[in-house]
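Please look over the sequence and the structure before reading on.

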Amino acid sequence: MKNTIATFLFIIFFLSCLSEGRARENNTTTMTLGEALSVALERNLSIRIEETTIQAALGAEQAEHGSFDPQIEAGAFSSARQSKSIFNNEDVTEETDAWMASIKKKTQYGTLLDLSWDNQRYESDSTFAATEPSYDSELSFGLSQPLLKGWKNEVQRAGISAAEKNTLATESLKDSRVVELVADVKISYWELLFARQNIEVKELSLKLAEELLENTKQKIDAGAMAPVEVYQPESEVARREEELIGAERAIGDREDTLKLLLNIPDWDQQLIPAQQPGIKKVVPETKEVLGRALANQPQIKAARHLMDSAA
């Protein structure tokens with residue numbers, strides 16, 4: 001009875017492992033380096049946050065530009081009032097209607113232009129009212145110019161300049177994130193490819209060690225070698241088996257690292273690199289490399305823009 005139960009449990013365990021292996025084989029994705037980079041750039045949350053920050057900086061920049069846009073204001077009101085005349089004790093009703101409109105414009109030199117138009121209508125049923133109804137209109141124009149502090153163009157545009165440089169700084173920070181992500185994805189991609197190729201080398205190495213062990217045993221059985229000679233190939237087989245296990249573990253580690261960079265939620269998915277690295281010999285010039293790094297490094301660009309924005 002015990003043997004039957006053990007056999008039954010073993011069959012269930014074997015079938016579950018077989019089904020899990022088939023499911024994992026079916027859940028396999030083969031991708032090139034370009035596809036991996038595309039997925040990483042599309043799903044990376046840090047880059048999305050940087051893009052939102054850029055939109056906020058652009059909004060602040062537009063708000064600063066809006067300080068020089070014309071401002072139009074308009075309004076109207078109406079009121080009615082009843083009272084008794086102190087002269088003849090009659091009931092007097094007074095109605096007042098007013099409406100106004102104005103336009104203001106600030107120039108980049110600090111000049112403020114103001115054009116206003118005010119209108120008022122007054123009506124009363126009093127016997128002493130001279131005109132029924134009466135109107136009052138006024139058109140006024142104003143101009144003001146700061147002559148001391150804040151009259152230069154640079155001062156008036158300081159907010160715009162700071163907002164533009166802040167936008168450039170946020171864009172440079174995003175570029176820095178993109179460069180770092182691209183570099184990390186490339187490294188992880190090639191490391192995963194190496195790990196998968198390395199396991200083939202380890203399997204071949206183990207196979208050769210097992211063949212050597214088998215040849216040694218045959219020579220011992222034939223009396224051509226001493227029995228003690230079997231320990232060296234056996235230890236070599238054990239060592240290479242350990243290396244194979246480590247290589248298999250390395251594939252999982254490299255896959256997990258790449259999945260994190262690609263933001264892949266399915267941890268059971270297998271990633272298979274489909275691209276081989278191209279080897280191109282490049283001898284860099286030290287001065288040229290340093291010059292390009294100082295001129296194009298996104299972090300340095302962002303720092304310069306932030307310094308200019310705060311100046």
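## Basis

Contact here means heavy atoms within 4.5 Å. The model is predicted: local features need pLDDT of at least 70, side-chain atom pairs count only at pLDDT 80 or more, and totals for chains, interfaces and linings use all residues. Residues are numbered from 1 along each chain as its sequence is written, and side-chain values use heavy atoms, with hydrogens and water left out.

## Serine 176

Helix α5 spans residues 158-221 and includes serine 176. Helices (H or I, at least four residues) and strands (E, at least two) are DSSP runs, numbered from the N terminus.

Serine 176 is buried because its relative accessibility is 7%; buried means under 20% relative accessible area, exposed over 50%, and partly exposed in between (1.4 Å probe, protein chains only). Apart from neighbours within four places in sequence, serine 176 contacts Pro298 and Gln299.

## Aromatic pair

There is one aromatic pair in the structure. Tyrosine 189 and tryptophan 190 form this edge-to-face pair, with 5.1 Å centre to centre and 85 degrees between the planes. Rings of Phe, Tyr and Trp (its six-membered ring) pair if their centres lie within 6.5 Å; planes under 30 degrees apart count as stacked, over 60 as edge-to-face and the rest as tilted.

Tyrosine 189 is buried at 1% relative accessibility, whereas tryptophan 190 is partly exposed at 26%.

## Helix α2

Leu33, Ala36, Leu37 and Ala40 are buried in helix α2 (residues 33-43). They lie on the same side of α2 because they cover an arc of only 100 degrees around the axis, the arc being that of the directions from the helix axis to the C-beta atoms. The buried residues of α2 pack against β1 (28-31), α5 and α6 (231-262).
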